[in-house]
Amino acid sequence: MSSTENSAGARFTGKTIVVTGAASGIGRATALAFAGEGGIVYAADIDAAGLAATAAASNGEIRTVVTDVTQTEDIRALMDRAAAETGGIDVVFNNAGAGGDRAPIDEIEPAGWDRTMDLLLRSVAFGIRYAVPHMKGRASTRNGGAAIINTSSVAAVGPGYSPTAYAVAKAGVLHLSKVAAADLAKHGIRVAAVQPGFINTNIFTRALDLTGDAETSAKAAIAAMSQQAQPVARGGQASDIAEAVLFLASEAAGFVTGTSLIVDGGMTIGPRHSWDPNSPGIFEALEQFVQPPAA
Ligand SMILES: NC(=O)c1ccc[n+]([C@@H]2O[C@H](COP(=O)([O-])OP(=O)(O)OC[C@H]3O[C@@H](n4cnc5c(N)ncnc54)[C@H](O)[C@@H]3O)[C@@H](O)[C@H]2O)c1
């Protein structure tokens, strides 16, 4: 290994890295970050124009592959191509996603449930399934081993962060990451999840099919809301998640597997009143009823 490979600035030199959902948001930021640190990045997404924009923004090596992660043959072809062109796969970031069906549990229809699970959970299972045969050989020869990172969400913590089907799928991703870590440890492959909080990307306006002026206004509202949604007093950015993913994929995380990193600015620390002075808790709300001590 050269000194460049070992330096903090180029942790992924010569490594083959597959990123799904790389045409926008978290996936794009992470693909660019991996490429910026020497990785040979396979950026996959259903959105060809967005992929081209990701590649254009890169100063490293990004190869684009139009992929629908709900189609297992697309996933298999993506992994096979990355391995055929570079000799194997070192890192996979299973990240593609969308808001899913927004219906509550007493109204959701089977098709909407299945569509959401296919996009957010089944895609991750088969991202692992079809990558692993190409990762086994790399794990023993490469520093830090091979690593798979999957995008879960704070929605996996409990209700209230997302629609129901999305939350259940993301909890599934969390559990899948743990179980897969156990299955794949014998091959030297680490598996971890990342749980983003409120991150300012296109996912919200896309979930509502907003375009034109409505999209512009909604994006401004999302940017403002995201600054006040958690204890850390700024909005969460796609680059915050990219930083976490690169750590989990790096040699520095060589003893980290089967776990998850919550990157939410503290959103899930506890009830809002525990950190927001403008949001009264039960004792503050009851203060008005407190009687003066008897004389
Ligand atoms: N933004 C947040 O607050 C947040 C929070 C928690 C988790 N997440 C998760 O992060 C991941 C990335 O989301 P984002 O916020 O960057 O959103 P985004 O909309 O900016 O990016 C998602 C990308 O996934 C792609 N995609 C959608 N369906 C696809 C398919 N069938 N095949 C291939 N690609 C497909 C989209 O084209 C898009 O480029 C998702 O899994 C999302 O659920 C986001």
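The points that follow treat the chain as a whole and then the ligand site.

1. The model under discussion is predicted. Its chain contains 10 helices and seven strands. The radius of gyration is 21 Å, close to the 19 Å that the globule rule gives for 295 residues, so the chain is as compact as a globular protein of that length. Along the principal axes, the C-alpha atoms occupy a box of roughly 80 × 40 × 35 Å.

2. The ligand sits in the largest pocket.

3. Composition of the shell. A total of 30 residues surround the ligand, and the closest are Ser24, Ile26, Asp45, Tyr166 and Thr201. By class, the shell divides into 12 nonpolar, 13 polar and five charged residues.

4. Which distances separate oxygen atoms of the ligand from polar atoms of Lys170, Ile199 and Thr201? For Lys170, a polar side-chain atom lies 2.9 Å from a ligand oxygen. For Ile199, a polar backbone atom is 2.8 Å from an oxygen atom of the ligand. For Thr201, one of the closest residues, an N or O atom of the side chain is 2.6 Å from a ligand oxygen.

5. Burial. Taken alone, the ligand exposes 830 Å², and the protein buries 94% of that area.

Note on methods
Residues are numbered from 1 along each chain as its sequence is written. This is a predicted model: local features need pLDDT of at least 70, side-chain atom pairs count only at pLDDT 80 or more; totals for chains, interfaces and linings use all residues. Side-chain values use heavy atoms; hydrogens and water are left out. A residue is near a molecule or strand if one of its heavy atoms lies within 4 Å of it. A polar contact is a pair of N or O atoms within 3.5 Å; within protein, one must be able to donate a hydrogen and the other to accept it, and residues adjacent in sequence count only if both atoms are side-chain atoms. Accessible areas come from the Shrake-Rupley method with a 1.4 Å probe; for residues, only the protein chains shown count as cover. On a 1 Å grid over the protein atoms alone, a cavity is a set of points where a 1.4 Å probe fits but cannot get out, and a pocket is an open set with protein on both sides within 12 Å along at least five of seven lines; lining residues have an atom within 4 Å of a point. A molecule sits in a cavity or pocket if more than half of its atoms lie within 2 Å of its grid points. Ala, Val, Leu, Ile, Met, Phe, Trp, Tyr, Cys and Pro count as nonpolar, Asp, Glu, Lys and Arg as charged, and the others, Gly among them, as polar. Helices (H or I, at least four residues) and strands (E, at least two) are DSSP runs, numbered from the N terminus. The radius of gyration is taken over C-alpha atoms; the globule rule is 2.2 Å times the number of residues to the power 0.38.
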